[in-house]
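Here are my notes for you to read alongside the model. Keep the viewer open and turn to each spot as it comes up.

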Amino acid sequence: MIYPIVVYGSALLRKKSQDIDANYPQLKQLIDDMFETMYESDGVGLAAPQIGKLIRLFVIDAEAMAEDDPDLEGFKKVFINARIVDQEGEPWGFTEGCLSLPNIREDVYRPEKVRIRYLDENFVEHEEVYGGIKARIVQHEYDHLDGILFIDKIAPLKKKLIKGRLNDIAKGKAKASYKTRII
Ligand code: NI
């Protein structure tokens with residue numbers, strides 16, 4: 001099933017998500033649906049709040065970016081109940097986009113490395129360190145679980161410049177190649 005993407009202007013996107021346990025209903029189906037929804041909208045990551053569910057779950061598949069960055073080959077993962085344990089390294093800028101912010105792309109500065117503890121789709125615990133674009137995608141998706149969007153991290157002047165476009169998204173006027181909704 002393909003879900004519509006919850007976009008900017010939705011109060012839900014600003015809320016904190018909760019941990020889940022292995023008894024969460026239809027979890028495998030939900031994960032499959034999240035990947036399907038992400039592929040349909042040409043995203044490389046999708047967090048559960050973006051489909052209206054306030055649970056600490058996000059999925060990533062960055063294979064589509066592997067042509068430019070071979071490090072991303074096969075980088076397909078499910079993160080459940082994730083906690084960032086540590087972030088380090090010089091913050092660096094990279095142009096980010098977000099399915100919840102159609103047609104907006106801005107430079108965002110984030111620490112170079114992230115150490116994250118999470119459960120995979122089989123509820124096996126992992127602790128891993130990511131750098132480069134991998135870290136970037138993980139940090140971006142993780143922020144969604146805490147109600148944070150990348151526009152919260154851009155310079156105030158830049159935010160002012162995109163205010164009109166943000167208002168349009170919040171009014172349901174954004175054009176996207178995928179289904180969106182405001183809740
Ligand atoms: Ni996003």
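Predicted model: local features only at pLDDT ≥ 70, side-chain atom pairs only at ≥ 80, totals over all residues.

1. One term before we start: two residues are in contact when heavy atoms of theirs lie within 4.5 Å.

2. Which of its residues are buried? They are Leu-27, Leu-30, Ile-31, Asp-33, Met-34, Phe-35, Thr-37 and Met-38. Keep in mind that an α-helix has 3.6 residues a turn, so residues three or four places apart point the same way.

3. Helix α1 covers residues 27–40, and its 14 residues should span 20 Å at 1.5 Å a residue; the end C-alpha atoms are 20 Å apart, so the two agree. After α1 comes Asp-42, which has a positive phi, near 60°.

4. Now the metal. Which residues hold the nickel ion? Cys-98 coordinates it through SG, while His-140 and His-144 each use NE2, at 2.1 to 2.2 Å. Along the chain these donors follow the spacing C-x41-H-x3-H. Cys-98 sits in the loop between β5 (92–96) and β6 (106–110), and His-144 belongs to helix α2 (residues 132–145), so look for this pair linking distant parts of the chain, 46 residues apart. Both Cys-98 and His-144 are buried.

5. Next, the rings. The model has six aromatic pairs. In one of them, Phe-58 and Phe-79 are stacked, with 4.6 Å centre to centre and 15° between the planes. Phe-58 is in strand β3 (residues 57–61) and Phe-79 in strand β4 (residues 76–88), 21 residues apart. Why do we call Phe-58 buried? Its relative accessibility is 0%, and buried means under 20%. Phe-79, also at 0%, counts as buried for that reason.

6. Phe-79 has another partner. Its ring centre is 4.4 Å from that of Tyr-118 and the planes meet at 45°, so this pair is tilted. Tyr-118 lies in strand β7 (residues 113–119) and Phe-79 in strand β4, so the pair ties together parts 39 residues apart in sequence. With 2% relative accessibility, Tyr-118 is counted as buried.

7. The charged end of Arg-56 is over the ring of Tyr-142, 5.4 Å from its centre. Lys-76 lies over the face of Phe-35, at 4.6 Å from the ring centre.

8. In soluble globular proteins, nonpolar side chains tend to be buried together. The largest nonpolar core here has 35 residues, and Leu-57, Leu-101 and Ile-151 have the most contacts inside it. Two or more residues each come from β1, α1, β3, β4 and α4 (163–170), with α1 giving the largest share, six residues. Leaving aside neighbours within four places in sequence, Ile-151 is in contact with Tyr-8, Arg-14, Leu-101, Lys-159, Ile-162 and Leu-166. A second, separate core has 19 residues, including Phe-58, Ala-66, Phe-79 and Tyr-130.

How values were computed: Residues numbered from 1 in each chain as written. Heavy atoms only, no water. Donors = N, O, S within 2.8 Å, 3.2 Å for Na, K, Ca; no water. Helix = DSSP H or I, 4+ residues; strand = E, 2+ residues; numbered from the N terminus. Buried < 20%, exposed > 50% of the residue type's maximum accessible area, 1.4 Å probe, protein only. Phe/Tyr/Trp six-rings, centres within 6.5 Å; stacked < 30°, edge-to-face > 60°. Lys NZ or Arg CZ within 6 Å of the ring centre and 35° of its normal. Expected span 1.5 Å × (residues − 1). Core = buried A, V, L, I, M, F, W, Y, C linked by side-chain atoms within 4.5 Å.
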